[in-house]
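Reader: I'm new to protein structures and would like to learn how to read one. Could you take me through it?

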Amino acid sequence: MTDIVDARGLVREYRMGEEIVHALRGVSLTVSEGEYVAIVGPSGCGKSTLLNLLGVIDRPQSGELSIAGERVDRLNDARATEFRLRRIGFVFQRFYLMQALTARENVELPLAEAGMAGTERRDRALELLDYVGLRKRERHRPSQLSGGEQQRVAIARALANRPALLLADEPTGELDARTGAEMIALFDRLNADGTTIVVVTHDEDLARAAKRVVHMRDGEIVA
Amino acid sequence: MIITLALASLVRHRARTVLAILGVAVSAAMLLDMVMLSSGMRESFRGLLLSQGFQLRLSPKGTLPFDTEATIRSADSIVALIRARPTVEAVSPVLGGQLHFPLAESMANATALGVEPAVQGDYELVEGRHPSAENELVANDALLRALGRSVGDTIRAAAGYDPQLRTLSGQRVLRIVGRVRFIYLALEQRAAALPIGTLRAMNGPTSIDRASLAMVRLRPGADVEQERTALERQLRTVTVISTAAALKQVDERLSYFRQLAVILGAVSLVVGFLLVTTLVTVSVNERLGEISVMRAIGVRRWRVVAQILLESTVIMIVAAPLGLALGLVTARWLNSILARFPGLPERIDFFLFQPSAAWTALGLLALSGILAGVYPSWRGASLPIASTLRQEAVG
Amino acid sequence: MPGDTVVIAGIVQRRADPAEIARGEYRVRLHLDHLQSLLGYGDRVDRFAVGTRGAAATADALSRINSAAYGFRAHRSADIAVETSRTFAVVSRFHRAIGVITIVASAIFLLCIMLLKVDERRRDVAALRLIGCSTRTIVGSVVLEAAAVAVLGSIAGVGVGAAASWIVNQHYQGVYRTPLRFSIVTGDIVLLAVALSLVLGIAAGWLAARRLVRTPPLALFGR
């Protein structure tokens, strides 16, 4: 099984006023293709920071990181953007859909960016919405969707360009218990269909659903 | 997609968008007015000078046409000399003076132009005909109103008036044969034109063979500057001015308005620039989360910037015709104020609309609007994604 | 050509006479009888200037000269000045028109920018509303801030205006070689400018604040 994620000795620090926060202190992690990994730990342990590095939306100060066989820790902005577009799917706690676009248009956004033609793009977007059970809501704007529906649209958007890796930062954080359970079931289905998933979560149910749980504390993986 | 996002953002903040459009429209209007002002006088005057096709003007040496009371001596032989040149199509001699019209209880005075009606270029006939006999004249509406006369009537006129002795000299009874509009005179300036010989005779011995000005029309293809130089070399007692030189004089006299136009135009541009910068900055600051997410899902930086700039571009596009209309209205108003300049020819416009002026103004504004939006949008699109998302989540 | 040889006895400075501005002509001063003989004028002049002591004396002299003289009229200098300064009356009206346009334009710009800046603080305003601050307090604080900005702006504006006025005078006095003052900043003008900017600034702030407090707090949070 190939490793989708190969992280070695990742260090990330932040300056907060006078203080330096050591968010990650030499973290190493591998995730194989098709795995479903949950990263858990108390607030401030560095799990979201790790996820941001895996999503190539942040850079480590030192260490090596390869995603889908490509070194990503020293990419320039343009190449990092391109990588995120084609190889990474990111799901945020607060959905972050474009309020001005419909559900379908939100899913089409990364497809348009990747240069897909109009009709093909539309079809792909509808296919993804169908997959997440929201085909009938394609013309609705985010303000007309519930939290769970918005998160499903966000997942469809993340899957648009068939990413090698799907990352989710507290995907059930803004959802009630029932909707959260639906989301967990969706992630299960995604993984069963072959998607490599890494989630960061406080949700015990979500953590339990994952195939492997990684525990973090004070910027290090402890288990 | 980018267009949809840009338009949606504008619609979402209607009040702000409307005010921004109004603000940019006002900037555009002022800028257009200033561009019109900077070139309007000049172009209007050029049009006036060339309206009758005369490219050169001769005046007494060292003076500008009608700037002083000096006259050209031996005018007839000078005119004949110029007419003999193969490049010359027509020469119109003009003698300036005053006519005094004794009325029942008062005296009406008017500017008098002695002309050769066949080649004159000083007036346009509105009613009647040109004077063909020596005791005929044409007059403008202002004079006819003051005299209480119309075409066909006769009137006693005198060329000289001694205020100490209260006596008139050079009197004649003249028939009004035409109603005219004088091209180079102010609107309310009373004026009449009559055969140059008649005015000379009325003025007395000092005016014999004199002219205040001679206008020269060249044949098509003639080199104006070459002709001007040749005439000035040949005729030592006159100054020969081309239209270009006359315009230069006007430019110098009215340089104040050009400078004012440049300053106010620059201020309009700066204010428009500031407005757009503020608008884009606030718009970006409000959407940092959205912008960071777009970057996180792989939208390229320049596309994010393009989407933001599109908003300011839409505002410019909507504001432009509004600004154009507003600019034309205010230009008319300002022109009506400046048209009351004493002695200004009726046909001179300070604010002359030319399509090139409109394009220049709108082009400048569009460029400044785009430049104004580039920095804040680039800054917003370049913020570190992770920390911005974190801040926006907390905020 | 008839003429005479003269000695240049001195060089005179131009008077601050508006009618002489932009006239590039040369001027000489001679003894009256010398010029009369050069021109062949004989015992003629273009005009007399008469100095009097006080308004009553002026009126008395005016009526006595006009009733006694034959063939000429006496005029008050002030009346002639009005007539000869028609050009400047036109320019003055033009400036006033530009001033009106500037005020209208400034009002629009100010309102627009105030709206934008107050809008930026929507979340702060929403939070204040949610914790129980009255709309009166919020509007009051925004208006106070707008007033402070208007006062500071006015002070800066008066400074800039005074400097610009000085520059204009220096420039045109040099160009036209005249001591005439082209721009004068008087107390009235300063008072008008400050009053206008205060009124406009405060009005703009009040309008923008009123608009914001009328929006429900949760809407301000974007929910």
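Author: Let's go through chain shape, strands, a single residue, domains and chain contacts. Keep in mind that this is a predicted model.

Reader: Okay, let's start with chain A. How many helices and strands are there in chain A?

Author: Chain A has seven helices and ten strands. Its radius of gyration is 17 Å, close to the 17 Å that the globule rule gives for 223 residues, so chain A is as compact as a globular protein of that length. If you draw a box around its C-alpha atoms along the principal axes, you get roughly 45 × 40 × 40 Å. Buried residues make up 50% of the 223. And if you take the contacts in chain A with a separation of 6 or more, 69% of them are between residues 24 or more positions apart.

Reader: Now strands. What holds the strands of a sheet together?

Author: Here's the general idea: strands of a sheet pair through backbone hydrogen bonds, and they do it either parallel or antiparallel. In chain A, four strands form an open sheet in the order β2-β1-β4-β5, with antiparallel pairing.

Reader: Which are the edge strands of that sheet?

Author: They are β2 (19-32) and β5 (70-71) of chain A, and each of them pairs on one side only. Look at β5(A) and its partner β4 (residues 62-67) of chain A: they're antiparallel, with two bridges. In that pair, Ile67(A) is opposite Glu70(A) in β5(A).

Reader: How do I read a single residue? Is Ser59(B) buried or exposed?

Author: You count the C-beta atoms around it. Ser59(B) has 22 other C-beta atoms within 10 Å, and the cut-off for buried is 20 or more, so Ser59(B) is buried. You'll find Ser59(B) in strand β1 (residues 56-60) of chain B. Leaving aside neighbours within four places in sequence, its contacts include Leu64(B), Leu213(B) and Ile241(B). Thr71(B) is twelve residues from Ser59(B) in sequence, and their C-alpha atoms are 7.5 Å apart in space.

Reader: What domains does the assignment give for chain B?

Author: It gives domain 1 (2-48 + 253-394) and domain 2 (62-236). Their centres, taken over C-alpha atoms, are 51 Å apart. Six residues from domain 1 and five residues from domain 2 make the contact between them. On the domain 1 side, three residues are nonpolar, one is polar and two are charged.

Reader: Last one: which chains share the most contacts?

Author: Of the two pairs of chains in contact, chains B and C share the most. Chain A and chain C don't touch, and their nearest C-alpha atoms are 9 Å apart. Between chains B and A, 20 residues of chain B are in contact with 22 residues of chain A. The elements giving two or more residues to the chain B side are α1 (2-12), α9 (288-296), α10 (301-338) and α12 (385-394) of chain B. That side of chain B has ten nonpolar, four polar and six charged residues.

Terms used
Residues are numbered from 1 along each chain as its sequence is written. Chains are lettered from A and ligands numbered from 1 in the order in which they are written. This is a predicted model: local features need pLDDT of at least 70, side-chain atom pairs count only at pLDDT 80 or more; totals for chains, interfaces and linings use all residues. Two residues are in contact if their C-beta atoms, placed from the backbone, lie within 7 Å. Ala, Val, Leu, Ile, Met, Phe, Trp, Tyr, Cys and Pro count as nonpolar, Asp, Glu, Lys and Arg as charged, and the others, Gly among them, as polar. Domain bounds come from an automatic or database domain assignment. A residue is buried if 20 or more other C-beta atoms lie within 10 Å of its own, exposed if 12 or fewer, and partly exposed in between; C-beta atoms are placed from the backbone. The radius of gyration is taken over C-alpha atoms; the globule rule is 2.2 Å times the number of residues to the power 0.38. Two strands pair if DSSP finds at least two bridges between them.
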